Amino acid sequence: MRIEVTIAKTTPLPAGALDALAGELSRRINSQYPDADGNVTVRYAANNNLSVIGGIKEDKDRISEILQETWESADDWFITD
């Protein structure tokens, strides 16, 4: 399974946020989907989007929930210097 998250270029994020989000999201997804190890990509694009390639609808729904939880808890895991 491969997971791709795109963030709209118009969304202002601090330096290092994409890498930090990719790392935290990978950690959370891999705890429930070990076969997704290393297959989480986060990048800028024209629009916000979540793609789950090689998974069923229930997988996409759960990964969407994990993404939402990760985004909402950014104050807990994203530390800027």
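How many of the 81 residues of the protein, as a percentage, count as buried? The share is 37%, where buried means under 20% relative accessible area, exposed means over 50%, and partly exposed is in between (1.4 Å probe, protein chains only). Before going further, keep in mind that this is a predicted model, where local features need pLDDT of at least 70, side-chain atom pairs count only at pLDDT 80 or more, and totals for chains, interfaces and linings use all residues. Residues are numbered from 1 along each chain as its sequence is written, and side-chain values use heavy atoms, with hydrogens and water left out.

Let's start with the layout. The protein has three helices and three strands, and from the N terminus on they run β-α-β-β-α-α. These elements are DSSP runs numbered from the N terminus: helices are H or I with at least four residues, strands are E with at least two. The C-alpha atoms fill a box of roughly 35 × 25 × 20 Å along the principal axes.

Now take helix H1, residues 17-32. With 16 residues at 1.5 Å a residue, H1 should span 22 Å, and its end C-alpha atoms are 23 Å apart, which agrees. (The expected span is 1.5 Å times one less than the number of residues.) Buried residues in H1 include Leu18, Leu21, Leu25 and Ile29. An α-helix has 3.6 residues a turn, so residues three or four places apart point the same way. The buried residues of H1 pack against strand E1 (2-8), strand E2 (40-45), helix H2 (57-72) and helix H3 (74-77).

That brings us to the inside. Leaving aside neighbours within four places in sequence, Val5 is in contact (heavy atoms within 4.5 Å) with residues including Leu25, Val42, Leu50 and Leu67.

What about the loop between H1 and E2? Pro34 has its place there, and Pro34 is exposed, with a relative accessible area of 61%. The C-alpha atoms of Pro34 and Met1 are separated by 9.6 Å, though the two are 33 residues apart along the chain.
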